[in-house]
Structure formats: structure tokens, C-alpha cells
Amino acid sequence: MAKGRIRRKLRKSHLYTFCLYPGAAGKCGQPVGGPGFSRTVHCNEPQMHSQKPFKYRANDISTTKYSFLSFLPKALYEQFNRVANLYFLGCAIASLTPLSPFSAVSMIAPLAFVVGLSMAKEALEDWRRFMQDMEVNSRKVKVHAGEAFDKKAWQNVRVGDVVRVEKDQFFPSDLLLLSSNNEDGICYVETMNLDGETNLKPKRALEVTLDLDEDEDFKNFKGIIKCEDPNPSLYTFVGNFEYNGQVYAIDPSQILLRDSKLRNTAFVYGIVIFTGHDSKVMQNSTKSPSKRSRIERKMDYIIYVLFSVLLVISLISSFGFAVEIKYSMPGWWFMRPQEADEYYNPREPVTSGISHMVTALMLYGYLIPISLYVSIEVVKVLQATFINQDILMYDEETGIPAQARTSNLNEELGQVDTILSDKTGTLTCNQMDFLKCSIAGTAYGSSSSDVELAAEQQMANDPVNKVELEAVVSSLSEKGHKSSIKGFNFEDSRLMNGNCLKEPKQEDIMLFFRILAVCHTAIPELNEETGSYTYEAESPDEGAFLVAAREFGFEFFQRTQSSVTVREKYTASGNPIDREYKILNVLEFTSKRKRMTVIVRDEDGQILLMCKGADRLVSLLYLDLISIIFDRLSKDGRFYQEDTTRHLNEYGEAGLRTLALAYKKLEESEYSAWNTEFQKAKTSIGADRDIMLEKAAEMMERDLILIGATAVEDKLQKGVPKCIDKLAQAGLKLWVLTGDKMETAINIGYACSLLRQGMKQICIQATDSDVKEEVKVDILKQINNGSQTIREEKDPYASFALIIDGKTLVYALEDDMKHRFLDLGVRCASVICCRVSPKQKALVTRLVKQGTGKTTLAIGDGANDVGMIQEADIGVGISGVEGMQAVMASDFSVSQFRFLERLLVVHGHWCYKRIAQMICYFFYKNIAFGLTLFYFEAFTGFSGQSVYDDWYMLLFNVVLTSLPVISLGVLEQDVSSEVCLEFPAIYQQGPRNLFFDWYRILGWMGNGLLASLIIFFLNIVIFYNQAFCIGGQTADMTALGTTMFTCIIWSLNIQIVLTMSHFTWIQHATIWGSIVTWYLFLAVYGALSPDISRDAYQILVEALAPAPIYWTTTLLVAVTCNLPYMAHIAYQRCLKPMDHHIIQEIKYYRKDVEDQHMWKREQLKARQKTKIGFTARVEAKIRQLRSKMHKKQ
Amino acid sequence: MSSNTPSSSAGGVGSADSSAPRRNSKRPKYSKFTQQELPACKPILTPRWVISAFILVSIVFIPIGVVSLFASQDVVEIIDRYETECVPQDFRNNKVSFIQSDANKTCTRRLTVTKRMKQPIYVYYQLDNFYQNHRRYVKSRSDSQLKDNSSWNDVSSCKPEDDSNGQPIVPCGLIAWSLFNDTYNFSLNNQQLAVNKTEISWKSDRDSKFGNDVFPRNFQNGTLIGGKSLDPTVPLSEQEDLIVWMRTAALPTFRKLYGKIERDLQPNEVIHVTLENNYNTYSFNGKKKLVLSTTSWLGGKNDFLGIAYLTVGGLCFFLALSFTVVYLVKPRRLGDPSYLSWNRNPGGQ
């Protein structure tokens, strides 16, 4: 154990090379103590901060919208922020005055119900957020308390506390790193939640605190930190640390940020600097905006239209009232005009008219569907339940179902135009698999990637090619996707199990594997259970190399300060041999160098240079093969170049991440000459150091001998390419925004079929110039060039991809340039933005959202995606990974990217149509009902008398007509979910907004107007003055009102039957139930004491039901009302059928079963022309394979 | 170092424990409802359906229309407008002053029976331009007072006709106060024709809404006399004129039942009506009509219903025909995929 401990302490220390500069921390002269830099932290004395001058925030976080106290006022405010609710509130207040045409309870009860329900929903949602916060707040961390370290909940951590964080734990707040279990104070953190980068970042403690690495050391530890105030900048930190009378500068490399995770380090000690909402990550988060869907926003306009109508008819009514009051009322002796009060005063018609205005506004309030909002809320909650309950969006592996976290955006899912996606954790699993390699000009590895598999499958299905392809298919029948080893998915018997010794170029093969096993910076870790080694590498592809080397029989198992030991399992002698390589120099991988080199001395004393590096690099405008390694080969080292290049191209096209491997043998003298130079550079001080080091490295890394190349698959999440393909077919555009490196992003672009060979890539990069204007001019030129290229492109099938990095985006997102940039992006088939900061992700999202005016959806998994998730019209979080920020900020969460397809294409499509139809119907229904009140007004001298009983009106919206429309909104399906998935083009009905455009809305309103006219005037004429039954009685107001209301109930329900296309028992129950309820209500209401039922007492039983005219009128009106609509839909279906009509018919006549060929063919056609995606790729591949076969023949 | 191990392993176990039950509980339960797979009928509007629906409507509607028209034709109606004729020639220019004066308002009318009228023959008065449905008027009543003697002073809703000299009025309110007070006496061949004035109101009104222990009080004894006075000895439940009148009409033109003549009338019989023209409709230019009418199963004379049914039935027939033509001229094979949007305008969406 003791030995192991020493090793552990040693092993990290040697790894950093010139990329880290110990001692070069913080420049002096920072304005610490000045404005904006006022924070003082007394280390290990947290109690100091509870007093006045400091009073720092506690470490608990709260993302809830309301607190217990603020809930009521705030939620009420939100509710009455809706115009309609405010109007109804006004009505409810006015209903307490004699102006009200209805009883007060019939105004207040529905409002209370509606508002109460909405508030309950808000409360429930906020409660869930609260529980999530609680979960985070109650995480435990070890905090120094007097003597020892105790476990404390995160929320109790205070500024100044010394905390001990252990491996794989999150940091509870922003910390100053004091020391780690490594002697040199290095620790590794994973900042995926902050910036999405997957590689580990080293952090380094100040030298002065290195000794504080035991729990006991903190008993008397004191110190003062003076630093900047809380701010959202993740990459800067300015501060001083006063310790033992000395002042030391702190820089960002000593700061451990909340929500990042300690990796590869047993424990660290740190001092809490920023807590809770002061921490950088929380400062970065913005208040989650309340989002409203497009349809709902449009609905507001409709409500405004209805308000205008309401206002107009109220004005007409008031004017009519005033005129009647002035000219007619003096003659109406039966109303005692001489004793009239202020509301009916013939001498002051204007006052009366104005007060009547209030009455009218209330009376015609039925034009504004009060229950619309609440019905929509109910429908959306139910729709959200369906999303949550969808078993096909449940991930068996993580055990997490999809979740609609806010239900008010369901229908927006059906209108998405652009998806902005994060890469790591969203598209990819952050796992690299060694898939193929090319050694000495021979390609090994038969595991085919998804694209190859699909291309071959599709060709096999094509009868024309069947015979020719049998050979290809048979070779692929054993699919290689059953690897159980993480990071290794390689199958080729020529190399496995020591067979490589029998290969012709075995020397080269051995060397190839040695390079894999030696040229890296990883640390082996013995897994005691299995006895094998696992590796902790800075990047996952390095890990994949080591796993591959291990599987090939070159097991790297030990690293010391200066050596690497590899056990070679298969040797000529048959016994394993341990070979030790002395490491002389490590020239590390950086994003600029894109290569890594080690210089080692093997056991024979031979000095070897081993180098691995990117084979391709992005050029300024188009992606060319500019090889890092190939440029550095010696003349005779290019022996395999041609073959290797070909293989690299193949791998690259398959979306694999490739590295070329090269080596050279060094003479002792040659090496020592260089080494002196290199050491000189390394020890030099000053600005030239970097350049000198780079020069030295450059000197060494040339005249290499190419040996081969590796292909690593950045493992995609399950089903991602297929999902992207389907989404592309549904006409959605995909932008990838990633914090990752450009090469990685491009690789993934290939793997996801966002990029493919033959696609023209427009790559925009900023030049390395200090003059901002120059850079801008240059970028603008690049953008314009790109646009011009697209414009001038003649080939209609040509497609373009735009690739841009974060540095360039800084300029491209500036006001004067962003629209040109967007314009270019929109014209390109796919857009990839790499190395973008969280802020830029949000900015790009905003640009797309505002610039195109279309619906955007952002999907991501990490805290770095929170900005864009909040900014987009819809934010989707990937749940199941650690760190809940993205999910917490999101509107929907799914556990896998592939569920997006079902979420959008099925649920989105359904919800869009449901909500659209439901709202249209709602307006129809309220216009049809509300206008009858208005017409009746004209017959009552505009006095504000309603023809219906108060209770009818009360029940109309809340009970009688609400359930059918809710069942429409919840259960309607134009086509089944399978059809939605099979015919992605149907999705376009949403983004093109075919079901909620003004044409359709006005059509429905017109239909409502027509219905109101028919209902009212037919009834009026029939019941004009004649006896309506055999007993000679004439109809009074209640009889007329009740008959009219019956007609309305029937008409509206028949209308909804005509609207629906999907009837389960629930629809039947609600529709026919609502009609039955009406009659039941009438019977029950009529049976109540006349104190309650008043004129409606016994109305059905005694007066109406025995009168045949009541029933014949109902039949006449209900049919007549629906004739126009019926004729309209019959006409439309006959002459202008929409896609879903045809598919319904195909399904209805079972043509899909009888003529499967046609059904399949239409499915293939039902795609948007895509230039990206799997299908496009597969087609390209098929062309390629075919041409290959022709060549062979 | 050794202190790390237990805590980390404990953490591992803890997380495994917590995730295991969660995994099961989070799996959505399968049900046809939650998966939206409930069996459903998905009717579509095929041409056959459209045409049969329209035909069905016309088949149902046209007979109903015919029957209704016949029923309406059976009804015999005699209408006599008398508000001008019953004002003496001298007062024709100032009818209001006539009606407000104490002059003799008796007036005789002759009605000739055109067709045989079978009993019961209903006698109506029809008023025009009388806003019985005006909100101020409709509200001015007290249902509790009408029903129950104990709440006789519940007159708050009756303003301005709530009390007289401080005493609550029963029945209070404008509606009761303005009760129609023209009277009709019929004679045929100098023989009195009895008018039955019972059971002209709804039974439920008599039984449950107008109390048999409620008697008129202080009615029409204020400074302003509205309409008819009520006999204070007769309970409200028997004052059927009042009960009928209190059922406010929906429209400003309305008929109300006055009584029934329970004997058949033969064609060309002449009925003499002696009427008291008391009610003031002159202030608001209202017409007054006396109506004698029989009823059919459908009620009174109502041609409109039959015509409407015939019209709609005919319209449906016409629609059925035109759709047949449309389907014949522009036939579309149902489920023909060539009508799908991607086949109609390939490429451009």
C-alpha cells in the first residue's frame, strides 16, 4: 500500500509538460480591493461572514418561481396578466353591482374555478422544482468543523469553510484549491456541466498551501482571500490570497467551480469562496423565462379580435339603449319612466348609455371563452401525461421516461423548424471505440459502421442488385456490434489473439501497437476484481487506444516518473515479456499542435520518437486534407502513404475519428543535440518561451516514417443517425453547437450524416490578427464568399455545410454581421458551430429564433446548454446523465436523443393539431353562443336582458360543452402514430401552420356567426307569437331560451362530431354525455324548488317535452347549423384532399395491407428533400458501391 | 487513503440501492389509454356517406315539413286589430288622453268565422311594441312573495312598485302592476259565449309558484294606477290572468292566453265581441289584437316550421345531387396516393 501511495503521488507530477506553467500564476497589479473586487473571505472562519460587512449568501439554491409567501400575490398577478382573465375579474367585480345582467355567483364561480385550477397547476410545477432544489441542496460534503471534517448538507456550506471533496463528487460551491492527494497539488476536474468539454482539466494548488493535505492540518489554518465580486465569467478569476503574512496571486487554475466534478484525484481540500447563487455557474444561469407557444400567442390576437367585436357590439348595444331610453322609454308607462333610477333615465340617456356599457360588456362576455384557458391547461396537462407515459420514449437502460416538464409548449413541438443540438452527451455518449486500423498499408477491422450496414441492407432489399450483392452481404452477415469491452469494437482475426505474428509485415504491426501503448499520458489502474487494467486518460480516445493495445496483447500497466512499462503477451518465444521504455520527452497534444510525440529509449538503448497526430485539418475555406503527419514524413517514410490515405478517407467518410501514427529512430547524438536546445527553451523566461518550445518541437517532429492509422468511433447515442435522418425527412434543420474541438465536431458531423463526402463545406475562421477590424472584414469576406458560392451553384443536388468556431462567432454574432451569417447558415444543409461558449450557444439560438422567425428547439444535456435551452422556443434536456441543470431548465426531457423523433413527429404533430382544432372550435362555440345573446338584445330594447337562465350560462362553458372539446384536445388523432413515423412529411403541416392560420380561424369564426344566426332566427320565427303546444300556451322567455339552448347544445356537439376523426369510447361518452347531461340537468333543475329554478321550474317535463315543436325545432336547427360545414368538408375532401385525408382513406380501405408496394413507395416519397441525413448518405454510398462493382466487371 | 474507501463504496452501494426501485417505478405502465391506442372508430367522409347523409336528411325533413304544413293549415285563426277602431273618432288624434280619461271605453267588434273551428278555441290578446322582456321590467317582481304569504314584505326587488304609502304591495313589481286589463265578452246570435278562464296558465305555476294563501294587498291603490286590479279575496294561485301575465314574453310582440271558448264554431257565424278597451298601448304606439285560434298537435298556426323543413330538405336533396355530379365529373379514387402533396407538387413543398 505504501508503495502504491508513493506511486500515486508521483505519477501525476510528470505528466504536465510545457502546457502548464507552474509559478506563472496571476499577474500582479490587479485591482483587488477596488470596485468590483471587494470580496473578502476569511479562510476557515465562516462565522466571520455572517456579520454585517460581509453577509454573503448561503449555499442553497432555489430555482423556483415562487416562495411560500410570494406564491399567492405572484401567481395571481400572473393569472390576471392574461387579458381575458383581467376582463373576467372586472366582470366579477361589476357583477356585484346592479348593472350585472347575471347573478354574481354565475360570474365569480367560473372565474374562481378557472384561476384556481391554473394556480394549482403552477403550484404543482413549482413544487417539483422545489423538490429538485432540495435534492441538490441536501447533497453532502465534508466540511471542516473545529477539529475534524464532518458531513454537511450543501446548503449549510458557508463562505470561508474548508471542504474536502472526494473523487467523483461535485464541488458544492466555487472553491479555492488548497491541496490534493497529489503532492504537487494537481487535481483533475471534469467541466462537462459548465462548458460541455469532456476532457479533464488539471487544476493546480498554490505552492504555499501544498502541505495542507491532511485533515489535521486545518486546525489552525487561517488566511484571507481578497477577490472579485460574484460574476458570470467562467474563465477568469482575480484575487489574492494572504497567508502567513505573504500575498499570493490567485488565478483561474486554482479555482474549482461549482457543478464541475473531481476526477482522477482521490480528494482535494478547498476554501469556499462563492456560495449558492454567487457561484459562477449560478451567475451564468438566467431566470427561466416563461415560454408561450406560437399558437397561444396567436390566440391572444384572436382574443383581441373578439374583444374588439365585444366592444363594437357593446357600443352598438349601448347606443341602441340610449336611443331607446331617450325616445321610447317615456312612452313605456309600464316601466314607470318618471321614477327611473340612474340606469334607466330618459332625461340622461348618455349616463344610462355609459352605465349600460358595463352591463353589455358583461353580457357579451360569452364571446370570450373564459374556460378556454382552463380547458387548454387541462388538455395540455393530459397531453403531457401521455408524453410522460409513452412507453416508447422510456429508456430501459437508464430507467428514465420522457417528461414534459412544462406542459404549455406541447403544440409547439409540432411546429419546430430548426433544432439546435449539443454534441457531447446528446448526440454522442462520450465514449470512443477503437474500430479499425490501417497498418503498413493494410486495412484491418471488419466492424462496419452504421452507414455501411444500412447501405448494404438497402441494396440487398433492392431486387435489381440482389445477385450482385450477395457477396457483399454475406461478408457482413456477422455483424460486429457485440463487443463487450468498453472502448473496443474491433474484429479481425488477422490481428487478434496473437495472429499478428503470422502477418507478413509483423515488425510494423508490432511497432504500431507499441506506439499505441507508449505514446500517451494516461495512468493505468488495476481493477482488482477482474485483474485487468483500466486507464484514466485525459481524453476518451486515448483510453480507447490503450484498451485496443491491451486487447492486441500490448498491455500498458505501469507508469513511473520516467518510464512506461508494457507487457507483451504474444511473442515469438510464447512467454509474455515486460518491456520498459524510458521516457525522455513528452511533447503534448494541444489543440494547436494536433499531435503528440514521445521520445523514449527502449531496453536496447535505441531512442525512438513516436508520434500520433491528426490526419486532417480544417483549411480556411474548404476542408482539405492538410495532414499534420504527412507533411512531416521523410522521403522514404512515405512508403505506405498512398494506401493509408485511401483508408483514412474511407474512415473519415464513415465518421470515424482518425489519427495517423509515425515514428523515427534517433541517433544518440542527434537526440542530445536537440535535447539541449529543448531544455534551453524550456527553462527560458519571457514571452518567447512558447515560440521557442514550439520551434524546438517542430525541429524534432520531422522526417517521420508513417506506419499506419487508427480509426476510433466517437460512439453515438443509440439511434442518433436514424433519428437525425427522420427529422431531416420531416423537414427539420439541425444545427450542432458544441463546445468541442472542430475535428471532433466534424467527425461527429460525418458520423451523424450531417456531413458527407461530396458536400461542400464552408468553413469560416477568424484570422490570428489583433486588429479587430481586420478580422471582421476578413470574416465578412468569408461569409460573402460562401453565400456567393451557394448562389452560383448550378447543381440542384449540391449541398453545403457551414462550419464555424467560437472565436469566429464572436464577430459573426455582432449586430452588423449576424444577419449575413444567419442567411448563410439557413442556406446550408447543415451547420456546425464548434468551441462555442454557453453564452454563444444562447446567442446563436436567439439569432436563429429571431432571425428566421420560426420555431426553434434546443436540445442538450449539460449546464453549458442551459442558456440555449432557455433561449429556444422549446428546450429539451437529456436526462439520465449527471448534473440536472439542463433538465431543470428544460421544457421537456428525454433520456436519449432518438426519442426526439417520437416527441416531435408523433406527439408534436398530434398536440399541434389537437390544440389548433380545439381553439378553433372554442371560438366557434363561443361566437355561436355569445352572438345569440346579442341578437336577443335588439329585441329587448337593448336592455341587457339575457334569454337564458343564469344557470344555463354558468354550465355552458364549465360543464355542458367543455368535456367534448377536451376529449378532442386530448385524444384526437388524424393519423396513427405509426403513420406519423412512416410519413415524416405530414409533420410539415405544423411548421407550415396549416391548421391555425388566419384563413382557418376566420373560417371557424364565420361558421360560428352563421350558426348563431341560424339558431337565433329560426327559433325566434318559430316561437314568435303562436301557441307552441296543443294546450294553447304561448312561449315565454324561458321556453324560448331553453329551446334555443337545446338547439345550441345539439348543434355544437354535432359540429364537434364532424370535426373529429377519431372516436374512442371516451369521445362518444363525452359528446353524447354532454347532450344527455343537458336534458338531465333540465329535468333535475326543473324538479328543484321554484325558489331555485324560478321560471325554469318544470320547464322540460311540463312545457317542452310534450310539445312536438320543441323536438322538431331542435332537429331542424341542429341539422341546418351543420349543413354548411358538412358541405364544406365534403367538398374539400373531394377536391382538395390533404395528406392526412388520403392516408385515412388508404387505411380505411386497408389499401396499405392490400397494396404494400404502394404503401412502401409512398413512405419513401413522403420525405422532404434532404441533403443531410442517413438516407442521403446511404444513397451516395449505393452509388459508390455500384460504380465499384461496374469497375470490377 | 483507507478512510476514503468505505465512504466511496458506501456511496456506490447507496446509489445502486436508490436507483433500483426507482427504475421499476418510473417505467410507465402499459395501458391502451396511456399509449393512446384505444380502439377507435375512424369514420371518413366517403362520397357514399356524404350523399346518403344528405339524402337521409331530405328524406326525413320533407315529410316532416309536409306534415307540419298540414297541421298548420288545419289551424283556424281569427285576428282582429282593434286599438284604433275602439277609440272614438274625436279622440283619434289624441288616443292617450282618451285612454287616460274616464270616458266609456266599451267597444263592439264583429268577427266572422271563416272556417269551422273545433273546440277548444283559444282566445288571445296580442300586444305589440310592449317590451315585457326589458331587463328593468323583468327584474321587477318578487318570486318569494308570490309563493309564500310569510314573505309578503319581501319587496326589495320590486322597485319602483314596491310599496304604497309605506305598505308592501302584494303582488309587487312593475309586471304585476301593469297587468293587462282589457276584457272581452263574446256573444253568438245574441247568446252569451262562455269564456273559460281557468287552466289557461301552466299547472306548475298555479301549484308551486303562486301561493294559495297569498292574497293581493295594497294592489293598485297608489297614486298611479297601472293595469287591472285584483280581487283581494281571491288567492294568487287562482288569479290566472296574473299568472299568465307574469310569464314574461320573449319578444316585444307577444300573445297571451285570455281564455278558452269550449264550443265549436261554424263557418260564417258572426261573433259579437264587447270589449273594454282599458289598456294603454297608445303611449308607446302599441297595437292590440284579439285572436281566436284553434290548435293542432304542433300548436298554433305556424307555416314557417313546415316551410323551413321543406327548404332544408330540398337544399339537402340539391346538395346530394350536386355532390353526385361532382363525384361523377371529378371522380377521385379514394385513397389514391397520387393526390398526396408530395406527388402533386414533387420537390417543392
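Predicted model: local features only at pLDDT ≥ 70, side-chain atom pairs only at ≥ 80, totals over all residues.
A disulfide is a covalent bond between the sulfur atoms of two cysteines. Over all chains, the count comes to two disulfides. One of them is formed by B:Cys86 and B:Cys107, whose sulfur atoms lie 1.9 Å apart. This link is left-handed, with -65° about the S-S bond. B:Cys86 is located in the loop between β1 (77-81) and α3 (95-100) of chain B, whereas B:Cys107 belongs to strand β2 (residues 106-112), so the bond ties together parts that are 21 residues apart in sequence. B:Cys86 is buried, at 4% relative accessible area, and B:Cys107 is also buried, at 8%.

A disulfide also joins B:Cys158 to B:Cys172, with an S to S distance of 1.9 Å. B:Cys158 lies in the loop between α5 (143-147) and β4 (163-164) of chain B, and B:Cys172 in the loop between β5 (167-168) and α6 (174-177), 14 residues apart. B:Cys158 has a relative accessible area of 0% and is buried; B:Cys172, at 1%, counts as buried. With bonded cysteines counted along the chain, the disulfides of chain B follow the pattern 1-2, 3-4.

In chain A, the cysteine sulfur closest to that of A:Cys43 is in A:Cys227, and the distance of 9.8 Å is too far for a bond. A:Cys43 is buried, at 0%. A:Cys834 is in no disulfide, the nearest cysteine sulfur being that of A:Cys833, 7.3 Å away. A:Cys834 counts as buried, at 0% relative accessibility.

A:Thr359 is placed in helix α8 (residues 349-363) of chain A. Its relative accessibility is 1%, so A:Thr359 counts as buried. Beyond its neighbours within four places in sequence, A:Thr359 contacts A:Leu99, A:Pro101, A:Gly944 and B:Arg135.

Conventions: Residues numbered from 1 in each chain as written. Chains lettered and ligands numbered in written order. Heavy atoms only, no water. Helix = DSSP H or I, 4+ residues; strand = E, 2+ residues; numbered from the N terminus. Buried < 20%, exposed > 50% of the residue type's maximum accessible area, 1.4 Å probe, protein only. Contact = heavy atoms within 4.5 Å. Disulfide = S-S within 2.5 Å.
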